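Welcome, and please open the structure in your viewer. We will go from stop to stop, selecting a few residues each time and looking at what is there.

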Amino acid sequence: MQLTLWTYEGPPHIGAMRVATGMKGLHFVLHAPQGDTYADLLFTMIERRAERPPVTYTTFQARDLGTDTAEVFKDAARAAYERHQPRAIIVGASCTAELIQDDPGGLAKTLGLPCPVIPLELSAYSRKENWGAAETFYRLARGLAGERKQRPVRPRPLANLLGPTALGFRHRDDVIEITKLLNALGVDVNVVAPMGATPDDLTRLGDADFNVVLYPEIALPAAQYLEKAQGQPYTKTVPIGIGATREFIAEVRKIANLPADAELPTSNLPWWSRSVDSTYLTGKRVFIFGDATHVLAAEKIAREEIGFDIVGIGTYSREFAREVRARAELNGIEALITDDYLDVEKAIADAHPELVLGTQMERHISKRLRLPCAVISAPTHVQDFPARYAPQMGFEGANVIFDSWVHPLMMGLEEHLLGMFREDSEFHEHASHLGASSAPAPAPIPAAEPTAAAAPTAAAASSPVEPQWTEEATKELKKIPFFVRGKARGNTEKYARERGLTTISVGTLYDAKAHYGR
Amino acid sequence: MNESVSIRPHGDGPAVHHERGQRSVFCGLTGIVWLHRKIQDAFFLVVGSRTCAHLIQSAAGVMIFAEPRFATAILDQRDLAGLADVHDELDSVVGRLLERRPDIKLLFLVGSCPSEVIKIDLVRAAQRLNAKHAPKARVISYSGSGIEKTFTEGEDACLAALVPTLPAEPATAAPSLMVVGALADIVEDQFAGLFKDMGVDARFLPARRADAMPAVGPNTRFILAQPFLAETARALEARGARRIAAPYPLGAEGTTLWLKAAAETFDVPAEKFEAAIAPGLARAQMTLARQREKLGGKTIFFFPDSQLEIPLARFLAREVGMKPVDVSTPYLHRALMAEELAMLPAETRLNEGSDVDAQLDRVREKRPDITVCGLGLANPLEAEGLTTKWAIELLFTPIQGYDQAGDLAELFTRPLARRSRLEV
């Protein structure tokens with residue numbers, strides 16, 4: 001039993017829905033109680049889809065439990081086929097239906113429906129959303145790809161793009177960007193799946209010479225299966241960021257035996273990052289959290305392409321914990337592998353970052369802590385499905401990333417002015433373009449502003465006597481711009497504790513500043 | 001599955017069709033989204049699955065920036081396989097929770113589909129935990145599970161669970177008025193003021209604080225402010241209270257009739273009643289007159305959702321001249337709805353239950369001017385050229401009483417106005 005306030009991932013059947021909703025001509029018959037239809041709104045509201053997800057829920061109730069829920073399922077499957085005439089059906093159970101053990105796969109088989117029926121075992125009590133999406137896509141590829149195909153030698157090799165689904169973070173635009181890039185490299189795209197593919201398209205997966213894995217969380221099991229069954233190699237590099245995109249290009253050229261002479265698109269990121277205006281980005285402290293693919297990509301971009309310091313890194317994708325841990329080590333920090341929102345909030349508060357790169361959850365944590373934040377990963381909200389073209393992948397993706405990470409930050413000269421004239425009454429936090437005025441009052445837990453009355457409470461346990469702030473020091477602390485105040489306060493208290501000081505004076509504050517100064 | 005039969009009505013009002021099929025509606029857990037804000041020192045702990053946590057978070061997504069007073073104790077493989085004792089696990093989760101949130105005075109253990117299917121006895125768990133944590137924090141339980149409860153029935157179950165814990169009012173006490181159903185604070189304040197002007201001291205269930213819940217006894221007269229509180233009404237009656245029958249306080253007329261039913265029960269003199277309601281009633285009539293110009297003659301279709309459908313259809317038909325062509329409600333409690341049904345236009349097609357595919361076929365055939373539906377259906381129907389209003393907004397917005405009557409009508413005007421503005 002795990003206590004959960006907010007979850008990073010939904011249950012596995014939501015992953016299956018993301019696959020089904022991304023595809024065309026596939027229908028999902030889900031054995032589920034009344035209420036589970038809430039999932040439709042994720043797609044119709046957050047992603048603004050104009051069609052209902054292709055899902056029929058059995059919506060059984062208590063009175064059905066006393067009679068025959070299996071019959072309810074069979075009726076629903078039959079009616080769904082008649083109404084929607086799909087080219088293939090997937091069947092599965094949500095958490096409650098898993099408990100009543102009706103075996104939707106077996107039941108659907110007895111109906112003899114005139115289309116392929118692929119059963120899913122979704123393990124609602126041990127697995128989560130991304131696993132559900134990966135398992136569903138793997139079952140579909142396995143069920144529909146067919147026998148190994150003979151492939152002719154082509155002047156332009158063919159690739160499948162694997163992994164994009166409904167409700168994915170920027171999947172729509174990543175597919176466009178990577179298709180353009182592959183075309184420029186001399187590669188044609190065979191099938192994009194699950195997003196946009198029909199069950200019939202999946203029977204053509206074996207025609208491609210290789211697979212491009214866009215999102216390993218979703219596509220890896222299917223790509224590994226296709227490697228074995230169809231002899232198709234797959235790409236290991238996820239092309240997010242300049243460096244990764246260049247590596248991806250090299251990898252594709254190697255797999256597809258292509259010469260390195262094609263003219264390729266370029267990105268503004270390298271020059272934008274080298275131009276002097278970006279100097280103020282140097283060594284900004286960032287905290288990164290999200291799914292493993294986007295976290296690993298963000299770490300590399302932050303470190304190598306923008307020049308940030310990474311003060312925290314973590315993921316909720318336990319399946320990829322090893323890779324994220326290795327990357328944390330590279331930065332001399334410990335990775336945070338958790339799906340507990342409260343752990344992440346605490347880690348962010350303790351790290352005093354100047355920028356948070358995270359999910360919708362971290363956006364809200366950042367609002368509470370009054371930190372700038374950019375979203376880099378699912379789970380996302382309606383505003384993370386922009387009207388404009390905004391990929392994360394490829395060279396245009398790098399442009400989008402540069403803009404969306406830098407815009408929440410205070411500009412270089414603005415930061416200097418705030419530092420120089422701290423007592424200007426219009427320079428309080430509400431005057432900032434960061435929009436802190438719309439944030440709610442700071443939460444009482446971490447990093448609340450110290451006052452003379454309430455002693456700071458952070459990390460009190462390790463020290464016998466917690467140093468007290470003098471009134472002057474508290475006043476001085478308030479002159480420090482709010483976005484670095486938390487860090488200044490934490491550093492000063494650490495400095496005082498380490499030296500066994502019982503009071504923090506203005507002098508202590510500046511001693512600590514000199515001690516920790518860059 | 002898909003069946004529709006009609007029976008003759010027992011009393012006044014349109015014939016009722018009964019439908020059974022796929023139900024596209026929230027489960028009873030959803031009520032937590034507003035209840036946890038209403039009772040300021042209560043916490044709702046769902047004992048359920050990852051789906052339950054995901055549902056509440058999806059329905060409540062907009063409120064995420066405040067630390068919520070709800071959480072889910074997610075059952076996992078160990079709990080199901082019996083490797084962990086569910087009750088021990090629950091005790092430790094509750095212990096940690098109350099330690100983290102010492103401000104919590106009332107903890108609801110909320111049952112879910114999985115907890116009911118595997119028969120976790122939350123009533124016993126609540127008794128055990130209450131013995132341990134009361135009086136600092138009282139613990140009670142109710143079920144919000146989708147196999148038992150449809151959307152607003154969750155609030156009904158929650159309030160019904162509160163009733164046995166209400167303080168007893170002695171049989172010798174003077175008659176008292178209890179208003180039942182979660183209302184926006186501003187609406188509650190307005191009603192309290194109106195009753196005060198009539199010389200009646202009204203108390204509200206639920207109160208805003210756990211230790212301020214109203215007492216109940218044989219001299220309690222209660223009036224429902226929400227139409228979906230059948231179980232709560234029964235529980236109050238079991239404690240000797242008596243229900244004041246009335247339509248629901250939606251619109252100027254609805255609010256007047258609702259207030260009047262209470263006033264008559266307490267023998268408020270007619271002049272005093274008229275004087276109390278006159279300013280609010282005049283304001284409501286003025287704002288509704290403007291809305292009538294925009295909504296008069298327009299047709300409206302209700303998918304089954306919150307059980308507010310019938311009072312809303314009555315209000316829109318009688319006060320702004322709309323034509324309800326098809327009104328579905330998940331459940332129809334005839335006794336609680338008698339006054340409403342009598343005022344609903346006889347030609348309205350009225351349905352109890354749900355068959356979403358059949359309803360979609362009908363809405364496409366009838367092409368109403370406005371369709372009230374759940375969030376899962378709204379954009380798909382808009383894409384088909386229909387104008388929609390999200391049903392859940394009617395529970396998240398103050399809509400009861402005189403000073404909200406215009407706002408309520410405006411919720412239906414806005415989608416139409418928007419459609420007529422856009423040239424893209």
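Start with the boundary between the two chains, keeping in mind that this is a predicted model. Across the interface of chain A and chain B, 5 salt bridges are found. To see one of them, select D361(B) and R83(A), whose side chains meet in a salt bridge with an N to O distance of 2.9 Å. Polar contacts are found here too: 23 residue pairs link chain A and chain B in this way, with both partners at pLDDT 80 or more.

Now colour the side of chain A that touches chain B. Several elements of chain A supply at least two residues each, including β1 (2-4), α1 (12-22), α4 (69-84) and α16 (360-369). By class, this side of chain A has 27 nonpolar, 17 polar and 16 charged residues.

Next, zoom out to take in both sides. In total, 60 residues of chain A are in contact with 62 residues of chain B. The size of an interface is often given as the accessible area lost when the parts come together. For chain A and chain B, the buried area is about 5500 Å², and carbon and sulfur atoms give 61% of it.

How do β1(A) and strand β4 of chain B pair? Select residues 70-74 of chain B together with β1(A): the two strands pair in the antiparallel sense over 3 bridges. Within this pairing, T4(A) has T72(B) as its bridge partner.

Stay with chain A and select helix α10, residues 216-230. Its buried residues are P216(A), E217(A), I218(A), A219(A), A222(A), A223(A), Y225(A), L226(A) and Q230(A). An α-helix has 3.6 residues a turn, so residues three or four places apart point the same way. To find the neighbours of the buried residues of α10(A), show the elements they pack against in chain A, among them α7 (129-144), α8 (171-185) and α13 (292-306).

The next stop is a sheet in chain A. Its 5 strands form an open sheet in the order β11-β10-β9-β12-β13, with parallel pairing. The edge strands of chain A are β11 (336-337) and β13 (373-375), each pairing on one side only.

Which strand of this chain is largely enclosed by the rest of the structure? Select residues 309-315, strand β10 of chain A: 5 of its 7 residues are buried, so β10(A) is largely enclosed. Strand β9 of chain A (residues 285-290) runs parallel to β10(A), joined by 6 bridges, and F287(A) has G312(A) as its bridge partner. β10(A) also pairs with β11(A) in the parallel sense over 2 bridges, where T315(A) stands opposite I337(A).

Move over to chain B for an open sheet of 4 strands, in the order β8-β7-β9-β10 and with parallel pairing. At its edges are β8 (202-205) and β10 (242-243) of chain B, which each pair on one side only. Select residues 220-224 to see strand β9 of chain B, which is joined to β10(B) by 2 bridges and runs parallel with it. There, R221(B) has R242(B) as its bridge partner.

For the last stop, select H87(B), in helix α4 (residues 86-100) of chain B. Leaving aside residues up to four places away in sequence, H87(B) touches I120(B), D121(B), A125(B) and R128(B). Of these, R128(B) also makes a side-chain polar contact of 3.2 Å with H87(B).

Methods. Residues are numbered from 1 along each chain as its sequence is written. Chains are lettered from A and ligands numbered from 1 in the order in which they are written. This is a predicted model: local features need pLDDT of at least 70, side-chain atom pairs count only at pLDDT 80 or more; totals for chains, interfaces and linings use all residues. Side-chain values use heavy atoms; hydrogens and water are left out. Contact means heavy atoms within 4.5 Å. Buried area is the accessible area (1.4 Å probe) that two parts lose on being put together, summed over both. A salt bridge is a side-chain nitrogen of Lys or Arg within 4 Å of a carboxyl oxygen of Asp or Glu. A polar contact is a pair of N or O atoms within 3.5 Å; within protein, one must be able to donate a hydrogen and the other to accept it, and residues adjacent in sequence count only if both atoms are side-chain atoms. Ala, Val, Leu, Ile, Met, Phe, Trp, Tyr, Cys and Pro count as nonpolar, Asp, Glu, Lys and Arg as charged, and the others, Gly among them, as polar. Two strands pair if DSSP finds at least two bridges between them. Buried means under 20% relative accessible area, exposed over 50%, partly exposed in between (1.4 Å probe, protein chains only).
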